[in-house]
Amino acid sequence: MQQIINFVLRYKNFILYLFLMILSLGFTIQSHSYHQSSFFNSSSWVAGNIYQTSYGITSYFKLGQENEKLVEENKQLRLALFNKIEKDSIELDSVQLRYTVNSGEVIKNNYAYPRNYITINKGENDSIKPDMGVITSKGILGIVENTSNNFATVQSILNEKSNINAKLKNTNHFGSLVWNTRTFNTVQLVDIPRLVPLVIGDTIVTGGMSSIFPENIPIGTIKKFDLNDSKSFWNIEIALFNDMTNIKNVYIVNNVNKKEILDLQIETEKND
Amino acid sequence: MISNYYFINVIRFSLLILVQVLVFNRLNFFGFINPMVYILFLYWYPIKQNRAAFIALSFLLGLCIDFFSDTMAINAAATVTIAYLRPAIMRFVFGVNYEFQSFKLGNATRVQQFTFLALLIVVHHFVFFTLEIFSFANFLLILKKVFAISLATLILCLLFGSLFSVKKE
C-alpha cells in the first residue's frame, strides 16, 4: 500500500498529464465521429457575448460594402416582385408558408481550419433550432448545429463533415456537396454520373432532396471537372458565389414541414 | 509580492485569451496562417512553481481557447503536452543551470531563450495539427502547416516578448 502511494506521489505530474490528455482526446474524438460537441462551442453565453461586443466595434468598418450587397439583393427582389404573374386571389398567410425566414449577423467566422464553424447572433429566443439552413443573399452558407439562448453556431459548408444535396441547375442531376479542406473559395460536388454533360461555368444550386434548404438556392459555378478513381463519376470543383471570408448578414431558413418529412422517412425505413 | 505574482498571471491569462481569440484567430494570413500567441503564457510562467498547478492551468488555457474557436479540445491537448514537457525542454536548452535556485529566464542568453520558445511552439503545433487533420495520409500537409504557422507564431511571440519583456530582477 505504501508503495502504491509512493508511486502515485512520485508520478503525480505524469498521471495528471495523462488524465488531462485522455480527457481532451476524448472530447476531440467524440466530436470527430458525431456532431460538434454541444459543450465546447462558441454559442455559449460568455463566448457569444464577447464576440458580440467585438462585432459591435468592428462592424462599422464594412458598412459600405454591406449596404451595396443589400441594395443589390433588394433590386433583384423588386425585379421579381414587379414581374410576378398575378395569380388568383390566394393570399399567402402563415398557414400556407412552406419556409420561414429569420435574419441574423455573423459575429465570428472561420475558414482556415478543416472544420469551420460560424457563430451568429440569433438563438433559441428567436426560435432558431439545430438543422436549420443558413444562406446569404448570394448563396448557401451552412447548417445550424448548436444553439444557446441568444447565439447559434453554424456548420459552414467549409467543413469536412458537411454534406449537402446539390444539383446542376440546367439538367437537374444531383450529387453531394463536400469540401476537401484545401482552399476556402472552392468546394467539391461528387456522385454526378459520367454520362452527364458538363460545361465549365454551369451553375450549381441546392437540390430538392434536402429537408433543410429550399430548392434552387445558388451555390457556385463549375470551375474544373475530371473523373474520379473508378472512372464512373465526376469530381467537380465549384467556385463559390459567396466570398466566405467576408460575410455579415445572413438568413436562417426553416422548413415548416421538416418534422413531418423526417417522421415519414423514419417510419418508412422502419417498415422495410 | 506573492499576490502580485498571481495578479500578473491572471491578467496575462485573460489578456492572452482575448488577444488570441479576437485578433490572431481572425488573421487568416494567406488563408490559413493563424498564429497562436497564447503559448507565451507557458513561456513566461514562473519556473519554480508547483508543476501540477501549472499543468492544470495550461489545460484550462487551452480549453478556453477551444471554447471560443470551436476546435473541440485540440488546443487543450496540445497545450497540456507542452506544459508537461516544459521541464524536459528547459533541461535540454539551459543545461544544468536551470536546476539552480537563482536561475531566471531573463538571465539566459538570447539564443537560449529563442531555442526554448521555438521548441515549445514546434511541439505544440505538431500535436495540434496532427490532431486537427487526424490522418497520416496527409502527413505532408501537417508538416507544411506546422512549418508555416510555427514560423508566424515564433515571429509574433518574439515581437511580443521584446515588447513586454520580463523584468530582470
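Predicted model: local features only at pLDDT ≥ 70, side-chain atom pairs only at ≥ 80, totals over all residues.
Trainee: Is B:Asp70 buried or exposed?

Mentor: Its relative accessible area is 3%, and the limit for buried is under 20%, so B:Asp70 counts as buried.

Trainee: And which side chain does B:Asp70 join in a polar contact?

Mentor: That of A:Lys108, over in chain A, at 2.6 Å.

Trainee: Back up to the helix itself. How many residues does H3 of chain B have, and how far does it reach?

Mentor: H3(B) covers residues 51-69, which is 19 residues. From the first C-alpha to the last it reaches 27 Å, close to the 27 Å expected at 1.5 Å a residue.

Trainee: What's going on at the start of H3(B)?

Mentor: B:Asn50 points a side-chain oxygen at the backbone nitrogen of B:Ala52, coming within 3.1 Å. B:Ala52 is also among the buried residues of the helix.

Trainee: Which other residues of H3(B) are buried?

Mentor: Quite a list: it includes B:Phe54, B:Ile55, B:Phe59, B:Leu61, B:Leu63, B:Ile65 and B:Phe68. You'll also find B:Ser58, B:Gly62, B:Asp66 and B:Ser69 in it.

Trainee: At what angle do H3(A) and H3(B) pack?

Mentor: About 65 degrees, and the two axes are 9 Å apart. H3 of chain A is residues 45-58, and the crossing is right-handed.

Trainee: Which residues make that contact?

Mentor: H3(A) brings A:Ala47, A:Ile50 and A:Tyr51, while H3(B) brings B:Phe67, B:Phe68 and B:Ser69. By type, that's five nonpolar, one polar and no charged. B:Phe68 and B:Ser69 are both on the buried list for H3(B) as well.

Trainee: New topic, chain A. How many helices and strands are there?

Mentor: Five helices and twelve strands. The C-alpha trace spans about 90 × 50 × 45 Å along its principal axes. Of its 272 residues, 42% count as buried.

Trainee: What share of the contacts in chain A comes from residues 24 or more positions apart?

Mentor: 62%, taking the contacts with a separation of 6 or more.

Trainee: I'm looking at the loop between E9 and E10 of chain A. Where does A:Met209 stand, buried or exposed?

Mentor: A:Met209, which is in that loop, is exposed, because its relative accessibility is 53% and the cut-off is over 50%. A:Met209 touches A:Asn165 and A:Phe174, leaving aside residues up to four places away in sequence.

Trainee: What about A:Ser210, buried or exposed?

Mentor: A:Ser210 is in the loop too, between strand E9 (203-206) and strand E10 (218-227), but counts as buried at 16% relative accessibility. A polar atom of its side chain lies 3.1 Å from the backbone nitrogen of A:Phe213.

Trainee: And A:Asn216, what's its phi?

Mentor: Positive, about 70 degrees, although A:Asn216 is not a glycine. A:Asn216 lies in the loop between E9 and E10 and is partly exposed, with a relative accessible area of 44%.

Trainee: Then what is phi of A:Asp191, and where does that residue sit?

Mentor: Phi of A:Asp191 is near 70 degrees, again positive in a residue other than glycine. A:Asp191 sits in strand E8, residues 186-193, and is partly exposed at 43%.

Trainee: Last one: which residues does A:Thr100 touch?

Mentor: A:Ile252, A:Val253, A:Asn254 and A:Val256, again not counting residues up to four places away in sequence. A:Thr100 is in strand E1, residues 99-108, and is partly exposed, with a relative accessible area of 35%.

Conventions. Residues numbered from 1 in each chain as written. Chains lettered and ligands numbered in written order. Heavy atoms only, no water. Helix = DSSP H or I, 4+ residues; strand = E, 2+ residues; numbered from the N terminus. Expected span 1.5 Å × (residues − 1). Buried < 20%, exposed > 50% of the residue type's maximum accessible area, 1.4 Å probe, protein only. Polar contact = N/O pair within 3.5 Å; in protein donor to acceptor, adjacent residues only side chain to side chain. Axes fitted to C-alpha atoms, helices over the stretch in contact; angles between N-to-C directions. Left-handed = near helix turned anticlockwise from the far one by under 90°. Contact = heavy atoms within 4.5 Å. Nonpolar A, V, L, I, M, F, W, Y, C, P; charged D, E, K, R; others polar.
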